Amino acid sequence: HLITSWPMRDLDNVELPQLSTGADAIHGSHTVIVVDASGSMRKGDVPGYTSRTDAVYDCLARDFLMPQLEGSPGGENLVSLLEMSDETNVIFKRKVVSEKMKATFEKRRISRARSHGNYIPMLDAVTNLLMPETKTQRQILIMILSDGAPSDHNERECIHGTRVWQPAKPNKHVPTRFMLRDKAPLRECVSSKGRGACRQAVLKSVQTDCVQKVIRLGDLFGRDRTTMVLAAFGHPKEDFKTLHLMAKVLPKGSFQKLGLNPRLLSTAFTSLSSSLTSLRGGHSLTERTVVREDPGQMGTGGWHFYPLVQFSDPALPNDRECLEKEQYSLDAKGFIPAAFGPDVKAVVHSRRIFGSGAERQVYHFYEVSNERKSAEMHFVGDQLTAKQPKHVEHVNDQD
């Protein structure tokens, strides 16, 4: 068990609507597809296609849309399409799958990609588009397809106020030794400690901001119902580290490196379509069978007992050992080790739930001073909660 309490970062000024439950709840899914529309997508290096854009929209129509048209729609299953460039353009939003989408995809095959691919406005656009889902129970699928690293660094200043990724203006007092490929020399920050240090710091700050925005997506819409696929469709030597890191911060995040292989691109869209079909059929939303506590009681069904490692006795019938304790640090922006209290020898959680929400079931959880499992538990410190997903996810089910 992983027992956590997730902080809602950067959401102080966001008023979240009440989630609908019961008979009035809106189910189904919302699939958001983001296609890179930066200038490099014009390259004609995909076998059988005039451009990378041509390949993406052909596979999107054939391998994602067609299986959905041939299936039997159920629930409210919506699709949105965005294109990422300097800014992010919404091509259509919250549309039910239809033949009209096929014509849109066909038209986009010959659209002209241009300029840069900026991730940060794209992630903001995805978040804003999905905001209505804070009051539904729709499953959320996000697929972001990019052919390279984010370009947000181009306009970003370093901590000293210099746009170090912009071309240098001719100035005999400013060194311009650093060259970006065969382009004009870039600006140097005179306050930088080491050649190129500020440039690397700017790249790192963009990467961090992208990851934090994905974490915020999970905070807003629920980590258990948000699936994110980050697909790298570009030359294998391109830098896809940011995409990879973005995928790692959500439980249902995945990173796929497709190269410029149209078969792998086709497989990626087929997989997305299968995931949507699975959700539509309800295969991923089987609710766990559990027993509730008696009203106003706790531990009526017994306790799962986890001794700390140093107090574990192999001869005793324990459930498992408690390996470690961590707490979230705003400074480190992650989990750091935390110490147990001096009297804590084990942790326990009830076998029965005392409540449930739209996504999770909740158990009583305590630190205790007991060295072994017994009928009477001696609680130490505050009452806590342990949570698990409300639904069983059948990852490898086959019909």
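Q: Before we start, what does contact mean here?
A: Contact means heavy atoms within 4.5 Å. This is a predicted model, where local features need pLDDT of at least 70, side-chain atom pairs count only at pLDDT 80 or more, and totals for chains, interfaces and linings use all residues. Residues are numbered from 1 along each chain as its sequence is written, and side-chain values use heavy atoms, with hydrogens and water left out.

Q: Okay, which residues does Val46 touch, leaving aside its neighbours within four places in sequence?
A: Val46 is in contact with Arg52, Ala55, Phe233, Leu260 and Pro262. Pro262 sits 216 residues away along the chain, yet the C-alpha atoms of Val46 and Pro262 are separated by 6.9 Å.

Q: Where is Val46, then?
A: In the loop between β1 (28–36) and α1 (52–70). Helices (H or I, at least four residues) and strands (E, at least two) are DSSP runs, numbered from the N terminus.

Q: Buried or exposed?
A: Val46 is buried, at 2% relative accessibility. Buried means under 20% relative accessible area, exposed means over 50%, and partly exposed is in between (1.4 Å probe, protein chains only).

Q: Switching to α5, which of its residues are buried?
A: In α5 (residues 241–248), Thr242, Leu243, Met246 and Ala247 are buried. They lie on the same side of α5, because they cover an arc of only 135° around the axis. That arc is taken from the directions from the helix axis to the C-beta atoms.

Q: Why would residues three or four places apart point the same way?
A: Because an α-helix has 3.6 residues a turn.

Q: And what do the buried ones in α5 pack against?
A: Against α3 (119–130), β4 (139–146), α4 (197–221), β5 (226–232) and β6 (253–257).

Q: New topic: how many salt bridges are there?
A: The structure holds 16, counting a side-chain nitrogen of Lys or Arg within 4 Å of a carboxyl oxygen of Asp or Glu. One of them pairs Arg138 with Glu133 (2.8 Å, N to O), and both of those residues are buried.

Q: What about Glu367 and Lys325?
A: Their side chains form a salt bridge at 3.0 Å, N to O. This pair links distant parts of the chain, 42 residues apart: Glu367 is in strand β12 (residues 360–368), and Lys325 is in the loop between β8 (303–307) and β9 (326–329). Glu367 counts as buried at 13% relative accessibility, while Lys325 is partly exposed at 28%.
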